[in-house]
Amino acid sequence: MTAKRPPAAPISERQVARRERILDAAAEFGASTEFDRLQMTDIAKAADVAIATLYRYFPSKTHLFAALFDNRIARFVDQEWAVTDRGPISDIGSNLAALNRSLLREPRLCSAMLRATAAGYMKDLPAETLWPGSETALTRAILDTLEIADESVIALLVYSWWGILASSLSRRISPERAEHDLRLAATLILAGHEPEQP
């Protein structure tokens with residue numbers, strides 16, 4: 001059931017709702033259970049789907065929690081990403097700090113999602129299931145806020161954010177240091193890319 005194949009994409013509203021139920025169930029279990037102890041059968045049961053259905057959308061636990069990470073980030077971007085009059089670079093730094101705080105509210109779940117996403121890079125998962133990439137909600141939000149098309153600069157910032165998130169999760173840096181470092185990373189990496197004022 002965990003053969004290498006791309007996850008099925010939901011087409012109908014019913015299929016989208018079913019996939020969302022699976023993600024919600026995974027989030028609930030991931031917040032309370034260590035990643036190695038998470039069972040796909042428990043998640044399927046909580047989502048009220050057959051185990052074969054779960055595996056159709058998510059061929060492995062790695063696929064499931066990497067997709068959940070993308071889902072959580074997309075939800076944050078959709079509901080909480082803020083643009084102010086302080087300027088795009090300041091806004092991006094503030095939003096990345098807020099995203100960190102949001103993800104770290106559930107450290108066990110954050111750990112599971114980071115672990116799955118990192119494992120995706122070490123395994124032969126399809127490229128479209130890996131994160132971060134140019135088509136993620138976070139990358140699009142940064143591009144839209146800054147109004148530039150240089151994806152390599154954005155990728156560098158996203159990788160910096162990733163490292164700061166992992167360091168925060170492992171408590172190698174304090175929340176205050178993480179916020180400072182995210183703002184500094186945005187300022188340094190995006191310097192010279194701020195749109196010209198009319």
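These legends go with several close-up views of one predicted model.

**View 1**
Residues are numbered from 1 along each chain as its sequence is written, and side-chain values use heavy atoms, with hydrogens and water left out. Read from the N terminus, the order of elements is α-α-α-α-α-α-α-α-α. Of the 198 residues, 44% count as buried, a term for under 20% relative accessible area, with exposed meaning over 50% and partly exposed in between (1.4 Å probe, protein chains only). Among contacts (heavy atoms within 4.5 Å) with a separation of 6 or more, 73% join residues 24 or more positions apart.

**View 1. Helix α5 is mostly covered.**
Here we look at α5, residues 88–104. Of its 17 residues, 13 are buried. The end C-alpha atoms of α5 lie 24 Å apart, which agrees with the 24 Å that its 17 residues should span at 1.5 Å a residue; the expected span is 1.5 Å times one less than the number of residues. Asn95 belongs to this helix and counts as buried because its relative accessibility is 4%. Neighbours within four places in sequence aside, Asn95 is in contact with Phe76, Glu80, Trp81 and Ala82.

**View 2. Helix α5 packs with α9.**
Two packed helices are described by the angle between their axes and the distance between the axes. For α5 and α9 the angle is about 145° and the axes are 8 Å apart; axes are lines fitted to C-alpha atoms, for helices over the stretch in contact, and angles run from 0 to 180 degrees between N-to-C directions. The crossing of α5 past α9 is right-handed, a label for the near helix being turned clockwise from the far one by less than a right angle, with anticlockwise giving left-handed. On the α5 side, the contact is made by Ile89, Ser90, Ile92, Gly93, Ser94, Leu96, Ala97, Asn100 and Arg101. From α9 come Ala178, Glu179, Leu182, Arg183, Ala186, Thr187 and Leu190. Sorted by type, the residues of this contact are eight nonpolar, five polar and three charged; Ala, Val, Leu, Ile, Met, Phe, Trp, Tyr, Cys and Pro count as nonpolar, Asp, Glu, Lys and Arg as charged, and the others, Gly among them, as polar.

**View 3. Helix α5 also packs with α7.**
The angle between α5 and α7 is about 155°, with the axes 9 Å apart. These two helices are therefore roughly antiparallel; angles over 145 degrees get that name, those under 35 are roughly parallel, 65 to 115 roughly perpendicular and the rest oblique. Once again the view shows a right-handed crossing, of α5 past α7. Pro88, Ile89, Asp91, Ile92, Leu96 and Leu99 of α5 meet Leu138, Ile142, Thr145 and Leu146 of α7. The residues of this contact comprise eight nonpolar, one polar and one charged.

**View 4. Helices α7 and α8 are oblique to each other.**
Helix α7 (residues 137–146) packs with α8 at about 125°, and the axes are 10 Å apart. The crossing of α7 past α8 is right-handed. Leu138, Thr139, Ile142, Leu143 and Leu146 of α7 touch Glu151, Ile154, Leu157, Val158 and Trp161 of α8. Eight nonpolar residues, one polar and one charged make up this contact.

With a relative accessible area of 66%, Asp48 is exposed.

**View 5. Thr136 and Asp70 are 66 residues apart in sequence and 7.3 Å apart in space, C-alpha to C-alpha.**
Thr136 sits in the loop between α6 (107–122) and α7. Its relative accessibility is 7%, so Thr136 counts as buried.

Notes:
Predicted model: local features only at pLDDT ≥ 70, side-chain atom pairs only at ≥ 80, totals over all residues. Helix = DSSP H or I, 4+ residues; strand = E, 2+ residues; numbered from the N terminus.
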